[in-house]
Amino acid sequence: MLALLVAPAGAAEPAAGQRYESFTIQSKVLGETRRINVYTPPGYAAAGRDRHPVLYMPDGGLQEDFPHVAQTVDRAIADGAIAPMFVVGIENTERKRDMTGPTEVAEELALAPRLGGSARFRAFIRDELMPQVRQRLRSDGHDGIVGESLAGLFVAETFVREPQLFEVYIAISPSLWWSRDALLAQAPQLLREHASALPGRRLRLYSADEDNIAPQSQRLADLLRAQAPDGLLWSHQPRPDLTHGTIYRGVEVEAIRAAFAPSPSQRAASRPRKHAAPPRK
């Protein structure tokens, strides 16, 4: 059963009266219990038949980024900018462990007791969370993921290592500096290996005015410009007007609306049909 939660005081400005749902997973992959927060679109009912895309997000606790991302999605749906969709937020336990790959850099090893668990975290999402979501919610099988900073690194890493896992990737100021730019060094070979899985995917890459973020994001964009196969829809938007602390909220409206914009055929299908004029007498 999904337990209804009201976003607590101190959460990131949820819409007035906004209610979220929550459930927990006892993860065998991670060896711990994980809390999952869920936004459902207006009009969604347990007894209905409608199916919708799912936007997954690390940093998805009620005291983290989930409330403002859910509010952004809610507003976009209300404006008709995107089709109804779910938001599934994964609440953190050991953030630096889950969002990072292996490292031998001394300064990074000092950041947390455990690091380098991104592969296991991805396995948790793929093998435990996504099946649960599809069982509990009427997902249409079209999934995306959004994250910023270390969570953006996880999004970027998933894109190059396992691009078939999601259709939409939104990486906001990803910490590509991790382990002395290790992911960037591996990316050319990984993109070649997974080239057949990239067509039909969407990647939106953003970077703030940061010395250890903007150059690495540009390197990834240059690599994609040289190597991306036809059918991969991607964009890179440097935002020197924004900082690490402001970029998530500064770009999320544009990012979500652009990444999930309905196709021309979907727009046409959603337009009300015009009734034929009665014949003249």
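User: Where is the place of Ala83?

Analyst: This is a predicted model, in which local features need pLDDT of at least 70, side-chain atom pairs count only at pLDDT 80 or more, and totals for chains, interfaces and linings use all residues. Residues are numbered from 1 along each chain as its sequence is written, and side-chain values use heavy atoms, with hydrogens and water left out. Helices (H or I, at least four residues) and strands (E, at least two) are DSSP runs, numbered from the N terminus. Ala83 lies in the loop between H1 and strand S5 (86-90).

User: Is Ala83 buried, exposed or partly exposed?

Analyst: Buried means under 20% relative accessible area, exposed over 50%, and partly exposed in between (1.4 Å probe, protein chains only). Ala83 has a relative accessible area of 41%, so Ala83 is partly exposed. Its C-alpha atom is separated by 6.8 Å from that of Pro262, 179 residues apart along the chain.

User: At what angle do H1 and H8 pack?

Analyst: Axes are lines fitted to C-alpha atoms, for helices over the stretch in contact, and angles run from 0 to 180 degrees between N-to-C directions. Angles under 35 degrees count as roughly parallel, over 145 as roughly antiparallel, 65 to 115 as roughly perpendicular and the rest as oblique. For H1 (residues 66-78) and H8 (residues 247-259) the angle is about 40 degrees, with the axes 10 Å apart. That makes H1 oblique to H8.

User: Which residues in H1 and H8 meet?

Analyst: Contact means heavy atoms within 4.5 Å. His68, Val69, Thr72, Val73, Arg75 and Ala76 in H1 meet Tyr248, Arg249, Glu252, Val253, Ile256 and Arg257 in H8. Ala, Val, Leu, Ile, Met, Phe, Trp, Tyr, Cys and Pro count as nonpolar, Asp, Glu, Lys and Arg as charged, and the others, Gly among them, as polar. By that scheme the contact of H1 with H8 has six nonpolar, two polar and four charged residues.

User: How do H5 and H6 pack?

Analyst: H5 (residues 150-161) and H6 (residues 178-193) pack at about 25 degrees, their axes 9 Å apart. They are therefore roughly parallel to each other. The residues of their contact divide into ten nonpolar, one polar and two charged.

User: What is the mean pLDDT of the chain?

Analyst: pLDDT is the predictor's confidence in each residue, from 0 to 100. The chain mean is 89, and 86% of residues reach 70 or more. Over residues 1-17 the pLDDT is below 50, and this stretch has 45 contacts beyond near neighbours in sequence. Residues 269-281 are also below 50, with zero such contacts in the model.
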